[in-house]
Amino acid sequence: MTASESPTLLLRRVRPYGEGAPVDVLIRDGHIAAIGPDAGADISSDVEIQDLDGAVLLPGFVDLHTHLREPGREDTETISTGSAAAALGGYTAVFAMANTQPAQDNQTVTDSVWRIGREVGLCDVHPVGAVTLGLKGEQLTEMGQMADGAAKVRIFSDDGMCVYDPLIMRRALEYSAGLGVLIAQHAEEPRLTRGAVAHEGPNAARLGLTGWPRSAEESIVARDAILARDAGARVHICHASTTGTVELLKWAKGQDISITAEVTPHHLLLDDSRLETYDGVYRVNPPLREAHDTLALREALVSGVIDCVATDHAPHAAQEKCCEFAAARPGMLGLETALPIVAALLVETGDMTWRDLARVMSTRPAEIAGLTDQGRPIEVGEPANLAVVDPDSPWTVIGDELASLSANTPYEGMTFAARVVGTVYRGRMTSRDGKVLA
């Protein structure tokens with residue numbers, strides 16, 4: 001459904017950014033038409049009305065890092081099921097990573113992902129183009145063709161693999177600067193992580209798991225900051241996970257290097273003490289670090305050293321997780337649980353306001369990606385891409401009840417206070433009270 005076909009929608013009794021008394025928000029033709037206690041005073045009988053009982057209204061969330069698995073692994077996720085999970089999580093735009101089968105390393109594949117996302121129509125699905133052919137790190141893709149295609153690809157990444165060759169990365173950054181696109185780096189020096197499955201530290205040593213050092217991430221972050229400086233390009237660090245990465249980001253930003261970074265909800269909440277059970281659900285790349293890393297990441301997100309939250313939503317089949325820890329596929333679900341986790345860690349503790357949360361989950365990621373119709377202020381005339389949050393709606397995570405085709409959530413059985421209770425995408429309600437609306 002296009003914006004011009006969207007119904008007129010009235011959101012009754014919402015609090016934009018959780019501030020002030022509840023107001024009504026009238027949405028017409030995909031845009032916010034009026035805000036105020038009498039915004040719906042003169043509506044006609046054919047207006048869709050949603051009474052939201054004082055819930056918090058935020059700009060719709062933008063995820064720079066989602067794995068939708070299509071094409072190639074539709075047994076674990078599809079663009080349709082991933083979009084449904086996004087809608088339930090308050091997301092109105094997601095960026096689908098390139099490590100599909102075949103990889104999103106050419107215009108044919110990226111345009112196909114874009115078109116399927118449009119047909120599903122639950123959120124904007126932006127394909128991420130691969131930096132190198134087959135994600136092998138050897139030959140650059142035709143980034144210009146993908147950027148000029150129907151999908152208008154604006155982010156390129158070999159996520160899942162690091163662009164480890166410094167010359168290849170330098171050339172990618174140089175080309176990206178000319179194209180006005182962004183390179184997002186999976187920071188992992190592969191020669192330091194051969195056989196590694198867990199954070200290199202006391203817990204991994206005691207459990208007999210091969211360790212993954214912080215230096216594998218930090219060495220690439222430092223290198224790529226310098227390469228971006230010399231290329232006059234932008235670089236984005238995927239799933240920052242260490243205290244050292246935070247310090248490197250502070251340094252690089254202090255040097256006016258165009259570097260941004262994201263952090264995942266699981267790296268904000270979980271640490272490597274979870275590995276005691278050898279449960280494959282906790283295997284992730286980069287690995288869960290130590291408790292002091294989680295604290296440093298939270299502080300960096302609050303201060304703006306880390307720019308935004310990204311889910312790294314990574315569905316896997318049951319047999320890929322219910323196995324020996326070292327054989328488990330790395331990755332966790334994240335789209336439906338991101339808001340509750342960030343709210344619990346930072347809003348409920350008083351470290352962030354709801355407006356701050358909107359900055360790191362909506363406004364800033366939209367700016368990084370160059371989206372002009374997402375992450376916008378809640379004001380008259382702005383596109384109606386919105387998330388509705390009930391800050392006091394306790395719910396318990398059950399993997400089998402999530403919208404994803406997979407159930408590999410590390411939060412199984414955890415209870416959170418806040419929950420997304422509605423999502424508005426281009427003026428149309430796409431989810432309400434835990435259900436996806438057609």
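Predicted model: local features only at pLDDT ≥ 70, side-chain atom pairs only at ≥ 80, totals over all residues.
1. Local features are taken only where pLDDT is at least 70 and side-chain atom pairs only at pLDDT 80 or more, whereas totals for chains, interfaces and linings use all residues. Residues are numbered from 1 along each chain as its sequence is written, and side-chain values use heavy atoms, with hydrogens and water left out.

2. The model holds 24 salt bridges, a salt bridge being a side-chain nitrogen of Lys or Arg within 4 Å of a carboxyl oxygen of Asp or Glu. One of them joins E276 to R206, with the closest N and O atoms 2.5 Å apart. Because E276 sits in the loop between α8 (265-269) and α9 (291-303) while R206 belongs to helix α5 (residues 202-207), the pair ties together parts that are 70 residues apart in sequence; helices here are DSSP runs of H or I, at least four residues, and strands are runs of E, at least two, numbered from the N terminus.

3. Within helix α4 (residues 166-179), R171 and E174 lie 3 residues apart, about one turn of the helix, and their side chains meet in a salt bridge at 3.2 Å, N to O.

4. In helix α7 (residues 243-254), K250 and E247 are likewise 3 residues apart, and their salt bridge has its closest N and O atoms 3.4 Å apart. Salt bridges that share partners also join R73, D75, E320 and R329 into one network.

5. The lining of the largest cavity divides into 6 nonpolar, 3 polar and 4 charged residues, where Ala, Val, Leu, Ile, Met, Phe, Trp, Tyr, Cys and Pro count as nonpolar, Asp, Glu, Lys and Arg as charged, and the others, Gly among them, as polar.
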